[in-house]
Amino acid sequence: MKSKTKNRLTESEIHGLVKLHFGCEPEEIRELKGGMFNAIYRMRLSSSGRDVVLKAGVIPGTPLLSYEQDIMPVEVACYRLIQEQTSVPVPEVLAFDFSKRQIAGNYFFMTALEGVPLSDVIKKLRPDEISHIREQQAEYLEQLHHIEGPYFGYFTEDLSRQYATWGEAFRAMFRQLLQDAHTHNIRLPYGRIEAALRKNASLLTEPKKPCLVEFDCHEGNIFVKDTGHGYEIEGILDFERSFWGDPFADFPAAFVFTDDVRREKAFLAAYLKASRRTAYTAADARRGQLYRLYLMTIMASEVFRYGFFYGKLQGLWAKAQIRKCLKTLSQADHSED
């Protein structure tokens, strides 16, 4: 994917980083093309024959949305928390440097996964195989949601952006996103979005504890491996967009092309069972529409960094989804189930 955010490194730079952290030379370097934000390289270490992945962060000064500024440290912090507190399979971080002295940007090395993105194989899987993967995905997300944070909102050391309630955090996150969209001259129904937030503010009082929300657990970030007895999830990637919030906020990002998680029956049944919840209510679904509205507004607002044709296509699709979310939210009442 061509994106203005990708900090593509020279072979000389990659050799220098490998020498610095591992004391050897990299072999069989190849750029992984699937990502849309960072430049990512897979290589083999000459000293051990081990395959590793190098992720190079955005060059400072590159135009970004506000929440994306300097977010690579979030991913490394999340991998540590996940390995300490859950059995969710994630890569091991081998080395990192956020000083921006070695290259123009942050970077880290992690262990390479041997499988493939779920998005590469899902069309050839049987319905029962897909259900099995979705059940695993649900169980792993539920584990992630047991990791509690000290505040609501994006990872930050800025005390003014560490919120005591989820409602405060989400409204601030959305306001900042809309300001970014204005800055980048994105045409959106700003008034209708703000009205939907006001009308549905009471839905945001439900989450009482801030939990880890990956907000990017879609098919491209779930690696699966054929064990000979079917596919299993080998690892989950890309936690840099994580925040402390409502666990249900993970559902729209996990199913970008599904407008209501209740259509994902195997996933939702497994999640409810793992979390010991009795139901995903109509009120929960309305809250989910707020999170989908946020996600689609992000997707509509980030197109300035893509090539013309891809950016145009994503923008048109995301704006159509925004209109659908607004229609659903305008029709929703607030009666309890």
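**Briefing on selected packing features**

Ala-112 lies in the loop that joins strand S5 (107–111) to strand S6 (116–117), where helices (H or I, at least four residues) and strands (E, at least two) are DSSP runs numbered from the N terminus. This is a predicted model, in which local features need pLDDT of at least 70 and side-chain atom pairs count only at pLDDT 80 or more, while totals for chains, interfaces and linings use all residues. Residues are numbered from 1 along each chain as its sequence is written, and side-chain values use heavy atoms, with hydrogens and water left out.

- Ala-112 counts as buried at 14% relative accessibility, buried being under 20% relative accessible area, exposed over 50% and partly exposed in between (1.4 Å probe, protein chains only).
- Leaving aside neighbours within four places in sequence, Ala-112 is in contact with Arg-42, Asp-51, Val-52 and Val-53, contact meaning heavy atoms within 4.5 Å.
- Ala-112 and Arg-42 are 70 residues apart in sequence, and their C-alpha atoms are 7.3 Å apart in space.

**Gln-136 in helix H4**

- Gln-136, which lies in helix H4 (residues 127–144), is buried, with a relative accessible area of 11%.
- Not counting residues up to four places away in sequence, Gln-136 touches Glu-232 and Ile-233, and the Gln-136 side chain reaches the backbone nitrogen of Ile-233 at 2.9 Å.

**Helix H8 and what covers it**

- In helix H8 (residues 265–275), the buried residues are Phe-267, Leu-268, Ala-270, Tyr-271, Leu-272 and Ser-275.
- An α-helix has 3.6 residues a turn, so residues three or four places apart point the same way.
- The cover over the buried residues of H8 includes H4 and helix H7 (250–254).
- Arg-276 follows H8 and has a positive phi, near 60 degrees.

**Packing of H6 with H9**

- Helix H6 (residues 190–199) packs with helix H9 (residues 282–301) at an angle of about 155 degrees, with the axes 11 Å apart; axes are lines fitted to C-alpha atoms, for helices over the stretch in contact, and angles run from 0 to 180 degrees between N-to-C directions.
- That angle makes H6 roughly antiparallel to H9, since angles under 35 degrees count as roughly parallel, over 145 as roughly antiparallel, 65 to 115 as roughly perpendicular and the rest as oblique.
- On the H6 side, Ile-193, Ala-196 and Leu-197 meet Leu-290, Leu-293 and Thr-297 of H9.

Conventions:
Polar contact = N/O pair within 3.5 Å; in protein donor to acceptor, adjacent residues only side chain to side chain.
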